[in-house]
Amino acid sequence: MILATALFMNIRFSVYALLGFGVIYFCIKSLEIELNERLSWLWAALMIGGSSLFTAYHVQYLLLDAELRAKISQEKMFLNIVCCLVVFLVMQAATNNTGLGCMISHIFLMSVAGINYFVYLFRGNEFIFSDLKSIQTGLSVAGNYEFVLDDRAGYVILLSTLYVALLRRLHVTFKKRMWMTLVCVSLAVLGAVYIGQKSQSITTETWEQKGSYRNGYILNFVLSVRDCFIGEPEGYSEDVVEAFEARYTENVDLEGTENGTDFSGEKPTIIVVMSESYADLSVVGEFTTNIELTPFYDSLTENTIKGHALSSVFGAKTPNSEWEFMTGNSMAFLPGGSVVYQQYITDTPTSIVSNMKNEGYTCVAMHPYYETGWSRNTVYPNLGFDEMYFIDDFDQTQMLRKYITDQELYESIIERYESRAANEDLFIMSISMQNHGGYTEKYDNFNEQVRMLGTNYSDVNQYLSLVHESDAALEYLISYFQNVDEPVEIVFFGDHQPSLSASFYPYLNGKGLSGLTTDELQALYTVPFFIWTNYESEEETVEITSLNFLSSMALERAGLTLPAYNRFLLDMMEVVPAINSRGYYSKSEGRFLHLEEATEEEAEWIHDYEILQYNNMFDEKGKSEVFFPYLNEP
């Protein structure tokens with residue numbers, strides 16, 4: 001009652017709940033329950049089964065409001081119950097005491113859910129298994145946060161207390177422990193196999209509360225455990241990696257690439273703009289608008305490589321595109337639904353950032369949104385960025401809808417460029433926010449100018465109007481750097497296509513979002529890009545590539561010495577020009593294929609790529625220093 005009263009004083013939930021708790025608690029404490037020992041198996045089955053059901057729904061009640069709880073399907077809710085059942089069965093086998101086993105299992109599962117409750121409160125996304133490796137960091141900053149409980153959390157604590165009190169009145173043990181242990185372990189194994197089979201096509205969700213309402217939190221956490229176990233590619237060995245090293249350390253051109261660029265020792269400033277949801281919807285289907293949509297982007301040809309690239313995500317999960325660009329790695333070899341920044345990032349990730357730092361560049365990250373988004377506040381220092389600028393570093397009066405404008409981001413880039421020190425080589429990685437979804441609300445600070453003719457989807461018109469604004473801001477950025485004397489390279493690409501009304505896509509491509517051929521599906525993952533220089537460089541059109549190749553193309557275009565991994569990627573691009581989470585583009589077939597359909601030389605390159613990426617990401621002891629050097633010691 002002291003606990004309940006303290007909760008009541010802190011949360012101020014219904015006083016009737018407090019009184020009801022007191023009455024029920026003392027009623028339970030007064031119970032004397034004798035269970036027939038010959039029916040111990042029945043009591044155990046009822047307690048374990050009922051507890052699994054109670055705990056699974058209890059977790060959902062803690063984490064989600066009624067509207068979101070209703071979104072989970074019955075099939076996935078059943079899988080959550082089975083996940084809980086496996087835990088209860090294992091604990092029964094370990095303790096041979098049903099009441100004690102149920103008590104420990106319930107408290108353990110509710111504690112994991114409670115951690116997720118606070119992680120979402122502080123970080124805005126789900127707590128998953130891979131977060132355990134950063135628990136020390138989390139504990140070190142926990143004192144900076146205010147731990148607040150809502151009504152549901154208070155009720156969950158009270159109900160769990162009543163549940164534990166009831167379990168303490170129920171005493172079920174088994175004299176033939178080995179027999180019961182064997183049964184419980186067998187059932188737990190069967191349950192685990194069932195979960196594995198039924199969840200093969202279910203992806204882990206980590207953004208916001210999607211894991212809890214799409215999969216159910218317990219199942220989502222289990223899926224995140226599954227995703228951590230990535231096996232070695234077939235044929236992987238230390239000798240194979242050493243053979244790659246030997247191939248790419250022979251005949252290294254220490255003077256850089258032969259692209260005709262000569263700065264007489266002056267390195268170009270390199271500016272990257274990953275533009276939020278910037279896409280060319282005409283790759284999905286033809287349409288017309290009342291005014292020209294992107295006149296400046298369309299006119300940009302001089303000193304420009306330009307074309308389309310495959311992203312590995314559609315409508316969300318921006319950091320995967322960011323990661324593919326910076327590291328040269330591909331989501332093709334990771335579980336569907338993964339978010340690398342939250343699941344697979346190491347303390348020493350080799351990327352264009354570490355490459356630039358080893359070339360003497362100052363590396364700057366700019367993102368006009370919250371630093372905790374997708375764990376960038378912990379990932380960026382590991383990547384090696386010297387400076388990081390987030391939402392509080394931008395002028396928050398410069399908003400379009402509820403996000404900071406591209407124009408404000410570009411002005412900040414220019415300001416940092418103008419403030420650079422004498423002889424400072426500068427690399428800026430920027431991620432915009434202006435065009436972030438959704439697109440259904442109307443805003444007083446946004447005058448939508450663009451309309452798609454022939455249809456009247458308000459979200460589509462808002463999105464296209466945002467892209468039009470981005471085009472105007474892009475003209476401002478390029479126009480400024482056209483007039484500076486020092487060499488500058490700008491890399492621009494969209495992170496993914498926007499998520500628009502599902503009913504819009506049948507109008508655009510004639511089919512919608514399902515029943516698509518591989519080529520039609522890949523159109524939804526295609527985004528525009530360009531690499532522009534303010535100095536003379538060759539004009540080139542690239543029909544299709546992918547985001548993982550862009551940083552290598554940018555380094556080559558800038559005339560910088562290419563690290564071994566980037567040279568491998570450019571060699572691979574000659575055979576496999578594009579690869580993403582959905583497949584690859586086959587030059588021999590002239591169409592998109594799934595990875596398992598690759599043959600001959602294409603299959604060999606894809607397999608070699610998978611081996612090197614595995615070495616980079618998962619072989620901690622045997623990681624190649626030739627391909628993946630991190631930061632040179634000062």
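Colleague: Where does G438 sit?

Modeller: G438 is in the loop between β7 and α19. Keep in mind that we're looking at a predicted model.

Colleague: And what is the peptide bond from G437 to G438 like, cis or trans?

Modeller: Look at omega for that one. Going from G437 to G438, omega is near 0°, and the bond is cis.

Colleague: What about aromatic pairs, how many does a search of the whole structure find?

Modeller: The search turns up 41 of them. Take Y457 and F504: their ring centres are 5.4 Å apart and the planes make an angle of 70°. Planes over 60 degrees apart count as edge-to-face, so that's the label for Y457 and F504.

Colleague: Which parts does that pair tie together?

Modeller: Y457 belongs to the loop between β7 (425–431) and α19 (458–482), while F504 is in helix α20 (residues 504–509). The pair therefore links parts that are 47 residues apart in sequence.

Colleague: Is F504 buried or exposed?

Modeller: Buried means under 20% relative accessible area. F504 has 0% relative accessibility, so it counts as buried.

Colleague: Which residues form an aromatic cluster?

Modeller: One cluster is made up of Y248, F333, Y565, F568, W605, Y609, F627 and F628.

Colleague: On to backbone angles. What is phi of S277 near?

Modeller: Phi of S277 is near 55°, a positive value in a residue other than glycine. S277 is in the loop between β1 (269–275) and α13 (295–299), and it is buried, at 2% relative accessible area.

Colleague: Last one: which residues is N355 in contact with, leaving aside its neighbours within four places in sequence?

Modeller: With those neighbours set aside, N355 is in contact with T350, L555, P563 and N566. N355 itself is part of helix α16 (residues 352–358) and is buried, its relative accessible area being 11%.

Notes. Residues numbered from 1 in each chain as written. Predicted model: local features only at pLDDT ≥ 70, side-chain atom pairs only at ≥ 80, totals over all residues. Heavy atoms only, no water. Phe/Tyr/Trp six-rings, centres within 6.5 Å; stacked < 30°, edge-to-face > 60°. Helix = DSSP H or I, 4+ residues; strand = E, 2+ residues; numbered from the N terminus. Buried < 20%, exposed > 50% of the residue type's maximum accessible area, 1.4 Å probe, protein only. Contact = heavy atoms within 4.5 Å.
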